[in-house]
Amino acid sequence: MARLPKYDIVSIEDLEIDEIERIFRLADSFADGIANGTPCTTAAGLIMATLFYEPSTRTRLSFESAMHRLGGAVISSADMHASAASKGESLADTARVVSAYADLIVVRHPFDGAARVAAEYATVPVINAGDGSREHPTQTLCDLYILRRKKGRLKGLTVALCGDLKFGRTVHSLIYALARFGANIVAVPYGGMDVPDYVLERVAAERNYNFSTISIDELKSQAGGLDALYLTPNAPHQMALFTGEMPLETVPSVRPPAALDAFYVTRLQRERLAEKDRAQAGYAHFDARALRSSRAHDAVVMHPLPRTDELAYELDSDPRAVYFEQAAAGVPVRMALIAWMLERGHAVARPPAAGPPIKFKDEPAPRCLNPTCITRNEGAYLHQRFRLARTTNRALLVLRCEYCERELPVEFVGHATTHRFYRFDENLYGYVRQWIEEGTLSVFETVKQAEEGGYEPYRRGPQREIMNAAEIAVACGAIATQIIGDLADPTGLAFVGVVSRGAMLALRLRNLIEARTGVRAPCAALDVYAGAAAIQPIDGPDFDVDGRTIVLVDDVINSGWTVQRAMTTLWQRGRPATVKLAVLIDRGHRALPIRPNYVGKSIPSARADRVQVRLGPMAGDSETRKSSDRVVLYTMVESIKEAERPQ
Ligand code: NCD
């Protein structure tokens, strides 16, 4: 029996161009075989498992049909929500377990980067059947297969991608492929649903490929409207877009496009949108009128399906409508992909193009900010992995998540041996590269996070005390009085303090209220930088937020980002009746419209000032340990001079 090599197809870029060509040749012969009823035993004895955590008709059924037609067998969980996933089993465990039952796993999942996780943990090959809004490589194989059949080539074609280009994973894989095949792209996004930056940057950095974006209105504007569109090529192969063989330097700066060869229409990916954004008003409706312009006359109309309202049924009888052919190609193309994997035998997987991911000295590593990244949604077993983003701008430090590819701008960096932190700027670029190599780089989203990690600013200006221990005690007492005054009944009260000083203050407030009312409210610490187990009870076995009046406590409020993140964590935990915010210091500079309910002291301060609350034994260094509670203000000396090599 043939064996499948451990070769995963997570991205369309896991296949080279000549490999895709080979798959298409195989697909042609499988299509003939299906038409002629020729039996096939290519995959006899092999079992494919389909793990679909999201709905599917075409992808799943065509994969399953393909495996049956290859003489193989299929196992599947009819609905992954009916599997152990609903009991909380991780994707990693499911992938490991199913590896013992099947020779190939096909996975679809709602989170970006999930296919990579499945591929890393499965011991058998994994094919990505759509991971969140990231990629859908096998749909792209079907799309390219039909496009090439209809147009006779891919190189030099001009394809208009229309609709939800932000969340449409089929679009992203298609962009990567068209860029490599030397086709031209015109992006026609539905308002706000532009191709994400990380996709644009990937094709720009790796393929030196750029493309134009036009609005739906421009596309729709009157008969012949396409004549009014002007495209600016950035890569030489985009010259194919323009009439004549003009050398680059003589081409006028504004040029009319040549004919469009295909419209690739997509639906609004409603399931990836918040409820309030799901209305489809104003979304492109593609009908026969779009094909009337002379430049669009020979264009084929493609759609990965399912369609909703964006594609008129009247087009179905038009020979230029090829979407049902794309769907039908699912079987021979997926047969061809599996057959190609078998043909590949035991060849070793290619090494990843980029070097190893950055090793961070301090755990936890930075968190990916994309809420639908798999690392944000799977248990703690999944470690964040980042590489340096491909940006050429040395004034910015940008990391790229290995799983979902989203970028994470870093404002503060630290050196793990000296325990100093810096605001990143151009002068640090060389050092940071070196620290990455040494494995001594730490990164922080905020100064607060750096301080919580035991880091000191590289240099600070003179500091002055703005509150002493007695003043802090008075402020806490006043807040406690206000809280009691606001409460009809203190029994539903609970405190959640942001780690670590907010948690210490929460405990103090709780104790003050207990002393005055006799009611001991539960108290928990919330770590905004931790993963799933972010809320820990401080002095009781359990902590329940449901139906309670929560007082969220932090030491200092500044931009409001920490509070916003804390609120998100709270709401993940349950449904409080109300949440009130208490802070010891409000220092202004809010980036979000958040107003605390209880404030100890307002201290308008310059942006570069740092307000630090030092409380009891946990405060700062050994010198401050001896002193009592206080609040100090100092100026951070931020930039580092070329000559000042950090030690
Ligand atoms: C697509 C998907 O799931 O991403 N469907 C498919 O596989 N043909 C497109 C979509 O759902 O809009």
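Predicted model: local features only at pLDDT ≥ 70, side-chain atom pairs only at ≥ 80, totals over all residues.
Tutor: Helix H2 and helix H9 cross in a right-handed way.

Student: Why is H2 called oblique to H9?

Tutor: Their axes (lines fitted to C-alpha atoms, for helices over the stretch in contact; angles run from 0 to 180 degrees between N-to-C directions) come within 8 Å and cross at roughly 50°. Now set that against the classes: under 35 degrees is roughly parallel, over 145 roughly antiparallel, 65 to 115 roughly perpendicular, the rest oblique. The angle belongs to the rest, so H2 is oblique to H9.

Student: How do you know which residues of H2 and H9 meet?

Tutor: Look for contact (heavy atoms within 4.5 Å). In H2, the list includes Arg 58, Phe 63 and Met 67. In H9, Val 331, Met 335 and Ile 338 are among the partners.

Student: What counts as a helix or strand here, and how many does the protein chain have?

Tutor: They are DSSP runs numbered from the N terminus (helices: H or I, at least four residues; strands: E, at least two). The protein chain has 16 helices and 25 strands.

Student: What makes E7-E6-E5-E8-E9 an order of strands in a sheet?

Tutor: Strands pair if DSSP finds at least two bridges between them. The sheet is open, with 5 strands and parallel pairing. E5 joins E6 (residues 184-189) through 6 bridges. E5 and E8 pair over 4 bridges, and E8 joins E9 through 3. Bridge partners include Thr 158 with Asn 184 in E6, Ala 160 with Phe 263 in E8, and Ala 262 with Val 300 in E9.

Student: Why are E7 and E9 called edge strands?

Tutor: E7 (212-213) and E9 (300-302) each pair on one side only.

Student: What makes E5 mostly covered?

Tutor: Buried means under 20% relative accessible area; exposed is over 50%, and partly exposed lies in between (1.4 Å probe, protein chains only). In E5, 6 of its 6 residues are buried. E8 also has buried residues: Ala 262 and Tyr 264 point one way, Phe 263 and Val 265 the other. In a regular strand, side chains alternate between the two faces of the sheet. Across the protein chain, buried residues make up 53% of 647.

Student: How does the direction of helix H5 compare with that of E9?

Tutor: H5 (residues 137-151) lies across E5, E8 and E9, at about 170° to E9.

Student: Which angle does helix H11 make with E13, and what is it called?

Tutor: A second open sheet has the order E15-E13-E14-E16, with mixed pairing. E15 (441-444) and E16 (456-457) are its edges. H11 (residues 429-438) packs on this sheet and makes about 55° with E13.

Student: Why is Asn 208 called partly exposed?

Tutor: Its relative accessibility is 48%, so Asn 208 falls in the middle class. Asn 208 sits in the loop between helix H7 (197-207) and E7. His 419 is also partly exposed, at 29%. His 419 lies in the loop between E13 and E14.

Student: What makes the backbone of Asn 208 and His 419 worth a look?

Tutor: Most residues other than glycine have a negative phi, and most peptide bonds are trans. Asn 208 has a positive phi near 50°. His 419 has a positive phi of about 55°.

Student: Where are the cis peptide bonds?

Tutor: One joins Leu 305 and Pro 306, with omega about 5°. Pro 306 is in the loop between E9 and H9. Another joins Val 499 and Ser 500, with omega about -5°. Ser 500 is in the loop between strand E18 (493-498) and helix H14 (501-517).

Notes
Residues numbered from 1 in each chain as written. Heavy atoms only, no water. Left-handed = near helix turned anticlockwise from the far one by under 90°.
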